[in-house]
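Hi,

Here's the structure I said I'd pass along.

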Amino acid sequence: MEFLLATGLGWVTACGIYLMLRGRTFPMVLGLTVLSYAVNVFIFATGRLWVGLPPILGQDRPVADPLPQALVLTAIVIGFATTGLILEMALRSRHESGTDHVDGIERQPEARG
């Protein structure tokens, strides 16, 4: 199961990085969102999943760790706000420069011949 989780997280991370390195703004925003999902799943997986255990210390039995769930919940809220901000900046850049390339310069395809 650990191999499957590690492989899945690796693929999602690789896809997020690939999309972030694209030249246009929408794939870059999509890649940032996918990468944040991969980080959230990684943080959630580090806390393990305990069923039926209390998140309270002081007892002699195992307890569930509530910190990863709290971190992921906070990261989801911050990621949503960051995505909204980046989308607004991308729309503003598109409006001012007239192109959706990240650097604002429209690339012309090279002539083949």
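A quick bit of bookkeeping before the fold: helices here are DSSP runs of H or I with at least four residues, strands are runs of E with at least two, and the numbering starts from the N terminus. On that basis, the elements of the protein run α-α-α from the N terminus on, with three helices and zero strands. Do keep in mind that this is a predicted model.

Some overall numbers. The protein has 113 residues, and 15% of them count as buried. If you take the contacts with a separation of 6 or more, residues 24 or more positions apart account for 48% of them.

Now the helix pairs. For two packed helices, the description comes down to the angle between their axes and the distance between the axes.

H1 with H2

Helix H1 covers residues 2-20 and helix H2 covers residues 25-46; their axes are 7 Å apart and the packing angle is about 155 degrees. Angles over 145 degrees count as roughly antiparallel, so that is the label for H1 and H2. The crossing of this pair is left-handed. On the H1 side, the contact is made by Leu 5, Leu 9, Val 12, Thr 13, Gly 16, Ile 17, Leu 19 and Met 20, while H2 brings a list that includes Pro 27, Met 28, Leu 35, Ala 38, Phe 42 and Ala 45. Sorted by type, the residues of this contact are 16 nonpolar, three polar and no charged.

H2 with H3

Here the axes come within 10 Å and cross at roughly 175 degrees, and H2 and H3 are therefore roughly antiparallel to each other too. From H2, the residues that meet H3 are Thr 25, Met 28, Val 29, Leu 32, Thr 33, Asn 40, Ile 43 and Phe 44; among their partners in H3 are Pro 68, Leu 71, Val 72, Ile 76, Ile 86, Leu 87 and Ala 90. This contact divides into 13 nonpolar, five polar and no charged residues. Met 28 is on the H2 list for the contact with H1, and it is on the H2 list for the contact with H3 as well.

Thr 25 sits in helix H2. Its relative accessible area is 13%, so Thr 25 is buried. Which residues does Thr 25 contact, leaving aside its neighbours within four places in sequence? They are Ala 90, Asp 100, His 101 and Val 102.

Thr 99 is in the segment after helix H3, which spans 67-97. Thr 99 has 5% relative accessibility and therefore counts as buried. A polar atom of the Thr 99 side chain lies 3.4 Å from the backbone nitrogen of His 101. His 101 is also one of the contacts of Thr 25.

Phe 80 and Ser 36 are 44 residues apart in sequence, and 9.9 Å separates them in space, C-alpha to C-alpha.

Last one: Leu 49, in the loop between H2 and H3. With 66% relative accessibility, Leu 49 counts as exposed. Along the chain, Leu 49 and Ala 64 are 15 residues apart, and their C-alpha atoms are separated by 7.8 Å.

Cheers

Conventions. Residues are numbered from 1 along each chain as its sequence is written. This is a predicted model: local features need pLDDT of at least 70, side-chain atom pairs count only at pLDDT 80 or more; totals for chains, interfaces and linings use all residues. Side-chain values use heavy atoms; hydrogens and water are left out. Axes are lines fitted to C-alpha atoms, for helices over the stretch in contact, and angles run from 0 to 180 degrees between N-to-C directions. Angles under 35 degrees count as roughly parallel, over 145 as roughly antiparallel, 65 to 115 as roughly perpendicular and the rest as oblique. A crossing is left-handed if the near helix is turned anticlockwise from the far one by less than a right angle, and right-handed if clockwise. Contact means heavy atoms within 4.5 Å. Ala, Val, Leu, Ile, Met, Phe, Trp, Tyr, Cys and Pro count as nonpolar, Asp, Glu, Lys and Arg as charged, and the others, Gly among them, as polar. Buried means under 20% relative accessible area, exposed over 50%, partly exposed in between (1.4 Å probe, protein chains only). A polar contact is a pair of N or O atoms within 3.5 Å; within protein, one must be able to donate a hydrogen and the other to accept it, and residues adjacent in sequence count only if both atoms are side-chain atoms.
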